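Welcome, and please open the structure in your viewer. We will go through it stop by stop, selecting as we go.

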Amino acid sequence: MYPLRTFIVCSLIMIGFFLVSCRTKSEIRREQEFERLKQEVTQTRGDRADLDSTVEEVRVEMAKLGNVIEEEAQGRRKEGEEFRKELTALAARIQALEQRAVSEELAQKQLSQEKPKVANFELGRKLFDEGKLEEAIDIFKAVVKNQPRTDEGKKAQFLLAESLFANKEYASAGIAFSDFRKNFPKDALIPNAIYRQATSFREIGNKEDAKLFYQELMEKYPRSPFASKAKVELKRLR
């Protein structure tokens with residue numbers, strides 16, 4: 001009877017030991033699995049924390065970049081506004097200069113219109129020397145009209161013809177030189193007047209009359225320097 005009890009007790013002990021041994025291995029595996037999961041969770045949390053930190057850094061950088069872009073945009077808007085102001089000021093200045101130029105032009109025209117009213121030979125000669133032929137012509141006409149027989153009237157009549165010739169108004173110049181010859185036939189400038197008269201006819205294409213005047217000059221004033229010039233021109237016309 002005792003051996004049987006002993007066997008039973010030993011069997012129970014062995015079974016218990018086996019059960020205890022099996023439970024311990026299972027618990028160990030579970031503990032290992034739990035540790036592994038715990039490490040993975042910890043790592044995942046760490047990765048998430050890193051990710052959150054990176055995202056935050058990106059957000060900060062984006063905010064900084066946004067501020068920089070906004071500052072640059074504001075700077076460009078400011079520059080654009082200053083540029084528009086400069087353009088407006090420049091346009092106003094150009095307009096003022098144009099108005100000033102127009103005013104000066106009107107004043108100059110008014111002055112030029114008033115000049116013929118002051119009819120004196122010296123002013124006409126000054127305009128002639130400056131090449132302002134049309135203004136000089138007006139002055140000389142006024143002097144000739146107001147003082148036809150005076151010394152200034154005589155000089156004005158000759159320079160009137162010279163101004164018309166220089167201005168290439170050859171037909172009018174020929175008539176003016178003819179008037180000078182009629183009014184002052186014994187003046188020392190007559191050879192010059194005949195030469196100019198002949199040249200005026202030549203310039204308008206009247207070669208026959210030009211030849212007659214050149215011949216007249218050579219016959220009446222053979223010692224004049226204009227006679228030798230007339231001889232050369234006459235040969236060209238033949």
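In which helix is the place of isoleucine 69? Select residues 2–114: this is helix 1, and isoleucine 69 sits in it. Helices here are DSSP runs of H or I with at least four residues, strands are E runs of at least two, and both are numbered from the N terminus.

Before moving on, note that this is a predicted model, where local features need pLDDT of at least 70, side-chain atom pairs count only at pLDDT 80 or more, and totals for chains, interfaces and linings use all residues. Residues are numbered from 1 along each chain as its sequence is written, and side-chain values use heavy atoms, leaving out hydrogens and water.

Now color by secondary structure: the protein has 8 helices and 0 strands.

Return to isoleucine 69, which counts as partly exposed because its relative accessibility is 48%. Buried means under 20% relative accessible area, exposed over 50%, and partly exposed in between, with a 1.4 Å probe and protein chains only. Of the 238 residues of the protein, 24% count as buried.

Next, select serine 172, in helix 5 (residues 170–183). Is serine 172 buried, partly exposed or exposed? At 35% relative accessibility, serine 172 is partly exposed.

Finally, look at contacts, meaning heavy atoms within 4.5 Å. Among those between residues at least 6 apart in sequence, 39% join residues at least 24 apart.
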